[in-house]
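Please read it beside the coordinates.

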Amino acid sequence: MRKTALNAVHRQMGAKMVDFNGWDMPVEYPASIGGGIINEHMAVRTGVGIFDVSHMGDIRLAGPQALAAVQHISMNDASRLAIGQAQYSALLYPQGTFVDDVIVHRLGEEEYLLVINAGTREKDFNWVRDNTRQFDCAVENLSDDFTQIAIQGPKGVDTLQKLTDADLSAVKFYWITRGTVCGLKNILIARTGYTAEDGFEIYIPADEATSARAWNEILSAGKEFGIVPCGLGARNTLRLEGKLPLYGHEISDTINVWEAGLDRFCKMEKPEFIGRAALEKAKAEGVTRTLVGLEMVERGIARDGYKVLDSGGREIGYVTSGSPAPFLKKNIALAYVPLEFAAVGTTVKVEIRGQGVGAQVVPTPFYKRPKK
Amino acid sequence: MAYPTDRKYSKSHEWIQASGTTAAIGITDHAQEALGDIVFVELPKVGAELAAGKGFGTVESVKAVSDLYAPATGTVTETNADLATSPENVNKDPHGSWMMKITLKNPGELDALLSAADYEKFVAEEAGH
């Protein structure tokens, strides 16, 4: 099992650990230190929480043709990125389906950093390397170089500001800066996250002592804001409320961009990128299924993989992610259904232990953070 | 948490507290701890027949779905209605939050279950794996 540099810290704090794609990761922390999925989730919605997300991977592309390489392998338009800006994007197969979703950061004039998922690290790196050979651009796997810590929630900015000389108020959402953090020089600070909340992700050296020191300093700095360490359990419920896709669930190698509803991150006006031709064809032919949000109207919790039925009990689709939503206090799910069942207000059923339980198509995202 | 000695325990982490031919059934502190925040408890209807070792209901936490297994054979006489609206009571007080009461068909069945001390040992061994 692979471990992040903070593994011993999580265990010391009494976290419940699980195998996540071959990584030994905290799923939740004990109630005695303010943990538990519901508490952790609420801390991020109302205050601040921190997550060890060092299992995420990082790929650096640098060189005269770095932009051309990024444009070729990703669906969003990286030419629009200013230095210091980031964008949500995806790597696609020629069929228009997903290798992975990524955040593309433009670090310099000819330098980009792709942040990728833990479970797809090797696959992604090989994909990027193999599909950018024709470009004058170095591709480096930096996945093991960083401890990545996410500081998320409305009080994330106040927490991190206590530990850095960078002016965080000047960093807009999906922009990055560099600064001294916890005494560590030239640290990459990105105003990004996977919680549908304001927050930051910092990339610090991956040695255990430095990582543990930074983690503990952030916890101390956030104490006045009720900071809570958060595990993968809360990470999942937070991203689900915000309808942020998870690889292997809402997106995969058998689901295309249109079905996943990620149109606004896919720039067809770009002349060329892997997957573009197939997507053009798919668009012309029309999609037959789409991702919708469901809210349970009868008593029951939809879970990943459960069948979606029409009101007559016929199987029409499946749940990609389903869970109680701790902030919304509803049982919600994302599901693929045929287009004719996608309208808000449509009544469907979710099969739970052999029983059809009533649910309704609702607008998404389920949760949107309040504008300041 | 110390396991009360006034009841028996199953290897599937339920407890059963008998008084004559009536018994209350719940889940153990270890079970609630493993599940995390409990948000849903699904129980059989009054009058349902339970068979020892067979599934009788479901408990769900935010993250997980877990089947409940009957520690003894019997007929359901009462279910704890509070758990429909306050399932978190199982986290707060697992050994006080009974899920249902049954009439035991064969009280002797309980002899085959674990004592508090043996259950504690069983849990420690499981954790060691």
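In this predicted model, T58(B) stands opposite D67(B), a residue of β7(B).

- Strand β6 (residues 55-61) of chain B and strand β7 (residues 65-69) of chain B run antiparallel and are joined by five bridges.
- Three residues lie between β6(B) and β7(B), and the two strands form a hairpin.

**Six-stranded sheet of chain B**

- Another open sheet of chain B contains six strands in the order β1-β2-β3-β9-β8-β5, and its pairing is antiparallel.
- Its edge strands are β1 (8-9) and β5 (49-50) of chain B, and each of them pairs on one side only.
- Within the strand order, β2 (residues 14-19) and β3 (residues 22-27) of chain B pair in the antiparallel sense over six bridges.
- A18(B) has A23(B), in β3(B), as its bridge partner.

**Chain B overall**

- Chain B contains four helices and nine strands.
- Read from the N terminus, its elements follow the order β-β-β-α-β-β-β-β-β-α-α-β-α.
- The C-alpha atoms of chain B fill a box of roughly 35 × 35 × 20 Å along the principal axes.
- The radius of gyration of chain B is 14 Å, which agrees with the value near 14 Å for a compact globule of 129 residues.
- Of the 129 residues in chain B, 42% count as buried.
- Of the contacts in chain B between residues at least 6 apart in sequence, 61% join residues at least 24 apart.

**Contact between the chains**

- How many residues of chain A are in contact with chain B? There are 13 residues of chain A in contact with nine residues of chain B.
- The elements of chain A that give two or more residues to this side are β2 (23-28), α2 (37-46), α7 (232-241) and β16 (315-325).
- By type, the residues on the chain A side comprise six nonpolar, four polar and three charged.

**Helix α2 of chain A**

- Helix α2(A) is largely enclosed by the rest of the structure, because eight of its ten residues are buried.
- The buried residues of α2(A) are I37(A), I38(A), N39(A), E40(A), H41(A), A43(A), V44(A) and R45(A).
- Their cover includes β2, β3 (49-52), β9 (146-152), β13 (228-230) and α7 of chain A.
- Helix α2(A) is also one of the elements that give two or more residues to the side of chain A touching chain B.

**Domains of chain A**

- The domain assignment divides chain A into domain 1 (7-56 + 145-241), domain 2 (57-141) and domain 3 (288-362).
- The centres of domain 2 and domain 3 of chain A, taken over C-alpha atoms, are separated by 34 Å.

**Backbone details of chain A**

- Most residues other than glycine have a negative phi, and most peptide bonds are trans.
- C182(A) has a positive phi, near 55°, and is a residue other than glycine.
- C182(A) is located in the loop between β10 (176-181) and β11 (184-190) of chain A.
- K243(A), also a residue other than glycine, has a positive phi near 55°.
- The loop between α7 and α8 (257-260) of chain A holds K243(A).
- Is K243(A) buried or exposed? K243(A) has 20 other C-beta atoms within 10 Å and is therefore buried, as the cut-off for a buried residue is 20 or more.
- C182(A) is partly exposed, because 18 other C-beta atoms lie within 10 Å.
- From T364(A) to P365(A) the peptide bond is cis, with omega near 0°.
- P365(A) belongs to the segment after β19 (355-362) of chain A.

Methods:
Residues are numbered from 1 along each chain as its sequence is written. Chains are lettered from A and ligands numbered from 1 in the order in which they are written. This is a predicted model: local features need pLDDT of at least 70, side-chain atom pairs count only at pLDDT 80 or more; totals for chains, interfaces and linings use all residues. Two residues are in contact if their C-beta atoms, placed from the backbone, lie within 7 Å. Ala, Val, Leu, Ile, Met, Phe, Trp, Tyr, Cys and Pro count as nonpolar, Asp, Glu, Lys and Arg as charged, and the others, Gly among them, as polar. Two strands pair if DSSP finds at least two bridges between them. A residue is buried if 20 or more other C-beta atoms lie within 10 Å of its own, exposed if 12 or fewer, and partly exposed in between; C-beta atoms are placed from the backbone. Domain bounds come from an automatic or database domain assignment. The radius of gyration is taken over C-alpha atoms; the globule rule is 2.2 Å times the number of residues to the power 0.38.
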